[in-house]
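Hi,

Here is the structure I promised to pass on. Have a look at it first, and then read on for what turned up.

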Amino acid sequence: MRNRRGGKVCDRLWYLGREESGIYLLEGERGSLIVSGGMSYIAPTVLDQLNAFGIDEKRIIGILILHAHFDHIGLVPLLKRRNPGSEVFASARGWEILRMPKGIETINAFSRLVAERMGAADGLAEWDLEWREDVTGRTVSEGDEIDLGGMGVRILETPGHSSCSISAYVPELRALFPSDGGGIPFAEMIVPAGNSNFTEYQRSLEKLSRLPVGILCADHYGYVTGGEAEGYLRKSIEEAREKRSRIEEIYRRTGSIEETVKRLVAEVYRRQPDYFLPPEIYAGVYRQTVRHIAGKLETAAG
């Protein structure tokens, strides 16, 4: 079952934000952890929800970044500045990206672009949402655990969607937080997102599929529960295999990375006209994917 409304997922777990962009809050005995950072323009929604749901923001002791793409870290600066004692966690590669002046510039520019696309830019002026060099934190990697008291959040390295992607797993809840590394539950589909390295993305899906999952907590388009959650990663593996075959087919026919990207983007917006990303950003995403798969094809043929 797919759920896209903000509210309590189960005891000690909340979904906050909007349908197309959300974050999670885990409540332990020591304190709470925000998992993922969403898009910047959901700030008013999340702050209203914290108040409406009676969630004590002062209990937030950590914020976990699952990867450093702009649409997954938008609230991190605001939440950290509102609660300076909280600790921000990310992978080593994630921190490397978040310390690059060019990376920060791109994050802020894309955040503004998507806020404008969603008609939410005017309401953000009062919030301090921009990334700057003042946001620092701790590195986490495979096998690390964030102890919230009565609840442990395990870290798994799952590259492929991005070079800095990690996932989080809470055994006590059978809850998996793969960010975009588990496939995006858009509408009734699963959208594979092996952006930076599709081969590693498929390996990461296989790795995650070995976990017992009762709640699949995606960053875009909500969370999945019940029988669908249990089979979600197996289905994601199938969808990823089909998507790779489709990209290979178009590239073999056209022999052009740019023409392949153009056709793939057109297909996306025919099926998903209301998808949150602007076409120009999605073209950049597909360009990475196609370059990787085309390179693999050329190597195999050569």
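Predicted model: local features only at pLDDT ≥ 70, side-chain atom pairs only at ≥ 80, totals over all residues.

In which sense do strand 4 and strand 5 pair, and over how many bridges? Strand 4 (residues 22-27) and strand 5 (residues 32-35) run antiparallel, with four bridges between them; strands here are DSSP E runs of at least two residues, helices are H or I runs of at least four, both numbered from the N terminus, and two strands pair if DSSP finds at least two bridges between them. Leu26 has Leu33 in strand 5 as its bridge partner.

Residues are numbered from 1 along each chain as its sequence is written, and side-chain values use heavy atoms, leaving out hydrogens and water.

Back to the sheet: it is open, has seven strands in the order 2-3-4-5-6-7-8, and its pairing is mixed. Strand 2 (7-10) and strand 8 (138-139) are the edges; each has a single partner strand, so one side of each lacks a neighbour in the sheet. Helix 1 (residues 43-52) packs on the sheet and touches strand 3 (13-17) and strand 4, where a contact is heavy atoms within 4.5 Å.

Now the core. The largest nonpolar core has 80 residues, and Trp131 and Tyr275 touch the most other members. A core here is a set of buried Ala, Val, Leu, Ile, Met, Phe, Trp, Tyr and Cys residues joined through side-chain atoms within 4.5 Å; buried means under 20% relative accessible area, exposed over 50%, partly exposed in between (1.4 Å probe, protein chains only). Helix 8 gives the most to this core, with nine residues. A second, separate core of 25 residues has Leu148 and Cys217 among its members.

Helix 8 (residues 279-301) also holds Tyr282 and Tyr286, four residues apart and so separated by about one helical turn. Both are buried.

Finally, the charges: there are 20 salt bridges, each a side-chain nitrogen of Lys or Arg within 4 Å of a carboxyl oxygen of Asp or Glu. Glu142 and Lys207 make one at 2.7 Å, N to O. Glu142 sits in the loop between strand 8 and strand 9 (145-147) and Lys207 in helix 5 (residues 198-208), so this pair ties together parts 65 residues apart in sequence.

Cheers

Methods: Axes fitted to C-alpha atoms, helices over the stretch in contact; angles between N-to-C directions.
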